[in-house]
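Student: I am new to this structure and would like to go through it step by step. Could we begin once it is in view?

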Amino acid sequence: MLVRALADDSYGGGAISVVSDLTLGVDRDALVPHAHRARHTPAVITRADARIRATALLREARDDTAALDADLLLAHLCGVVKEQLYGHLDVALTPAEEAAYRELVARRARGEPVAYLRGYKEFFGLRLTVDRRALIPRPETEVLVESALAFIRRTGRALVADVGTGSGAIAIALAVTEPRVRVIATDVSAAALALARANAEAHGVAARVDLRQGDLLAPLDRAVDVVTANLPYLPDAMVERWSRERTSLAFEPREAVVAGPDGLDVIRRCLAQLPGKLAAGGAIFLECDPPQAEAVAALARGAVGGAVRVVPDLSGAPRVVVGERA
Ligand SMILES: C[S@@+](CC[C@H](N)C(=O)[O-])C[C@H]1O[C@@H](n2cnc3c(N)ncnc32)[C@H](O)[C@@H]1O
């Protein structure tokens with residue numbers, strides 16, 4: 001199928017007759033009419049040509065955001081933002097750039113997320129380094145950060161535990177935005193913690209983000225004011241299915257997403273560990289899958305013994321369960 005996208009393309013003044021693999025038209029002879037082949041200089045591939053080809057390839061690979069992804073990867077390669085790319089589309093790619101772009105597009109066609117290909121993801125206005133050591137932070141999680149920040153500012157309670165910190169997204173966003181915040185950030189994955197450390201250092205908050213390896217709240221040696229937790233919450237069967245399909249889950253760490261038959265195993269265990277770890281007057285902020293919101297709210301009610309509410313995400317779906325201890 002990928003081959004057909006190229007074969008249909010007639011860029012360069014001659015029909016493509018020889019296409020053997022996923023390529024951005026590097027079979028240059030195929031782009032030049034027969035009569036000129038003996039004395040032709042290599043065909044020049046401009047940014048405009050390259051992005052048209054890449055978009056076609058990604059569409060063939062059933063990438064729902066083919067045009068956007070083609071542009072993001074090309075802009076990344078050229079060291080510009082996407083908008084700057086559009087003003088300079090007639091610039092030729094060097095052979096090295098062309099080869100690098102071909103490689104990036106081929107990886108994207110196999111389903112690898114753009115964030116891993118570029119090596120970063122914007123979260124809460126911060127550029128975080130991301131790679132296969134940790135889950136890519138999602139925009140929905142910004143709602144959890146906003147809710148926790150509102151609580152911290154209202155109450156002045158600023159000692160936070162971020163459980164399952166991954167890339168450090170939540171912990172770093174809180175620490176950067178609110179200078180009073182100190183965070184103990186835990187994760188079972190040493191690899192994820194190394195990534196979180198690099199991100200905390202890059203954003204100048206390493207001194208206020210204390211990274212500890214261990215199970216959920218177990219690494220805490222004192223009660224905190226706030227617990228933030230975007231823990232694994234997908235049922236095993238769902239992860240199995242999505243990992244076989246061309247979704248980012250196939251590339252993200254399994255332990256970051258999978259959570260037992262009903263997707264609640266990890267949240268349940270976290271809430272069971274809460275007594276003694278959340279100070280009186282403190283609050284827990286738990287991200288969940290919208291269909292689980294009621295079940296998570298019921299679990300939280302049992303664990304905190306105080307008021308529980310659910311905060312919607314930007315699409316209006318119930319996303320963050322907030323439990324305040326009396
Ligand atoms: C869904 S990811 C979220 C990462 C990050 N908080 C974010 O929002 O982008 C869940 C994280 O929890 C960690 N994790 C899974 N089980 C854990 C456990 N029992 N104790 C601590 N961390 C755990 C995973 O390694 C992963 O980094």
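Student: Which residue in β2 does Phe123 stand opposite?

Tutor: Keep in mind that this is a predicted model. Strand β1, residues 120–123, runs antiparallel to strand β2, residues 126–129, and four bridges join the two. Across this pairing, the residue that stands opposite Phe123 is Leu126.

Student: Which residue takes a positive phi in the hairpin of β1 and β2?

Tutor: The hairpin has two residues between its strands. A positive phi near 50° is found there, and the residue that takes it is Phe124.

Student: Which strands stand at the edges of the open sheet of seven strands?

Tutor: The pairing in this sheet is mixed, and the order of its strands is β5-β4-β3-β6-β7-β9-β8. Each edge strand has a single partner, so one side of it is left without a neighbour in the sheet. The strands in that position are β5 (209–213) and β8 (308–312).

Student: At about what angle does helix α12 run to β9?

Tutor: Strand β9, residues 318–324, is joined by five bridges to the antiparallel strand β7, residues 278–287. Helix α12, residues 293–304, lies across β7, β8 and β9. Its angle to β9 is about 10°.

Student: How many residues of the shell around the ligand are charged?

Tutor: The ligand is surrounded by 25 residues, and the closest are Pro137, Gly164, Gly166, Asn230 and Ala256. Helix α8 (169–177) and strand β4 (182–187) each supply at least two residues of this shell. By type, the shell divides into 14 nonpolar residues, eight polar ones and, as the charged group, three.

Conventions. Residues are numbered from 1 along each chain as its sequence is written. This is a predicted model: local features need pLDDT of at least 70, side-chain atom pairs count only at pLDDT 80 or more; totals for chains, interfaces and linings use all residues. Two strands pair if DSSP finds at least two bridges between them. A residue is near a molecule or strand if its C-beta atom, placed from the backbone, lies within 6 Å of it. Ala, Val, Leu, Ile, Met, Phe, Trp, Tyr, Cys and Pro count as nonpolar, Asp, Glu, Lys and Arg as charged, and the others, Gly among them, as polar. Two residues are in contact if their C-beta atoms, placed from the backbone, lie within 7 Å. Axes are lines fitted to C-alpha atoms, for helices over the stretch in contact, and angles run from 0 to 180 degrees between N-to-C directions.
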